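Please walk through this protein with the structure open beside the text. Each paragraph takes up one part of it.

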Amino acid sequence: MTKQITEQRKSAYYFGMILMIIGGLMFFSVFITGAMNFGNFSNFQADAQSSMLRAIGGMALLITGVIIRSIGARGLAGSGVVLDPEKARQELEPYSRMAGGMVKDALDEANVSFGGKAEKVIMIKCPACGKLNEEDSKFCQECSKQM
Ligand SMILES: [Zn+2]
């Protein structure tokens, strides 16, 4: 079982991220140049064509980047490209383990332990003075009256 994410998948993840950034910049540059050339119709048709190309190209890069990044992060089976539940479970194993670890950390933080003795203390009230005493005490801690 793979305990760590492979180098290839890490590379795919970062490659996808770079594609996303380039695609995103290309896509948004359309709006920036569009705003800069606003009201300038001297080269309108060429501008519109280049904008269209950059918008479509940028979008395509962005989508490709998202897909590659998710494949890199979760593996081919883990991201649903290859339908193979057993392999998906293996590829997602680092994440499941991490989630399990996080739950365990949270429980540790809250001082909860499974299988440990339940430390629930029941107190009973002294009939004479009203002081709370432990359930098994024979005499009141406060007034020494028999419980
Ligand atoms: Zn008492």
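H1 and H2 are roughly antiparallel to each other, because an angle over 145 degrees counts as roughly antiparallel, under 35 as roughly parallel, 65 to 115 as roughly perpendicular and the rest as oblique. Helix H1 covers residues 7-36 and helix H2 residues 44-78. They pack at an angle of about 160°, and their axes are 7 Å apart. By class, the contact of H1 with H2 has 18 nonpolar, 12 polar and 4 charged residues. Ala, Val, Leu, Ile, Met, Phe, Trp, Tyr, Cys and Pro count as nonpolar, Asp, Glu, Lys and Arg as charged, and the others, Gly among them, as polar.

This is a predicted model: local features need pLDDT of at least 70, side-chain atom pairs count only at pLDDT 80 or more, and totals for chains, interfaces and linings use all residues. Residues are numbered from 1 along each chain as its sequence is written, and side-chain values use heavy atoms, with hydrogens and water left out.

Two residues of H1 give a closer look. Gly16 lies in helix H1. Gly16 is buried, at a relative accessible area of 0%; buried means under 20%, exposed over 50% and partly exposed in between, with a 1.4 Å probe and protein chains only. Gly16 and Thr64 are 48 residues apart in sequence, yet their C-alpha atoms are 7.2 Å apart in space. Ala12 also lies in H1. Ala12 is partly exposed, with a relative accessible area of 23%. From Ala12 to Arg69 is 57 residues along the chain, while their C-alpha atoms are separated by 6.2 Å.

Now step back to the whole chain. The protein has 4 helices and 2 strands. Its pattern along the sequence is α-α-α-α-β-β. Helices (H or I, at least four residues) and strands (E, at least two) are DSSP runs, numbered from the N terminus. Of the 147 residues, 16% are buried.

Which residues coordinate the zinc ion? They are Cys126, Cys129, Cys140 and Cys143, each through SG, at 2.2 to 2.3 Å. Donors are N, O and S atoms within 2.8 Å of the metal (3.2 Å for Na, K and Ca); water is not among the atoms, so sites may look incomplete. The angles among the 4 donor atoms are 104 to 115°, and the site is tetrahedral. Four donors count as tetrahedral if all angles lie between 85 and 135 degrees. The donor residues are spaced C-x2-C-x10-C-x2-C in sequence. Cys126 lies in the loop between strand E1 (123-125) and strand E2 (132-134), and Cys143 in the segment after E2, so the pair ties together parts that are 17 residues apart in sequence. Cys126 is buried, at 3% relative accessible area. Cys143 is partly exposed, at 34%.

Asn133 is found in strand E2. Asn133 is buried, with a relative accessible area of 0%. The C-alpha atoms of Asn133 and Met147 are separated by 9.2 Å, and the two are 14 residues apart along the chain. Ser144 is found in the segment after E2. Ser144 counts as exposed, at 52% relative accessibility. Phi of Ser144 is near 65°, a positive value in a residue other than glycine. Most residues other than glycine have a negative phi.

Key. Axes fitted to C-alpha atoms, helices over the stretch in contact; angles between N-to-C directions. Tetrahedral: all angles 85-135°; square planar, octahedral: opposite > 155°, others 65-115°.
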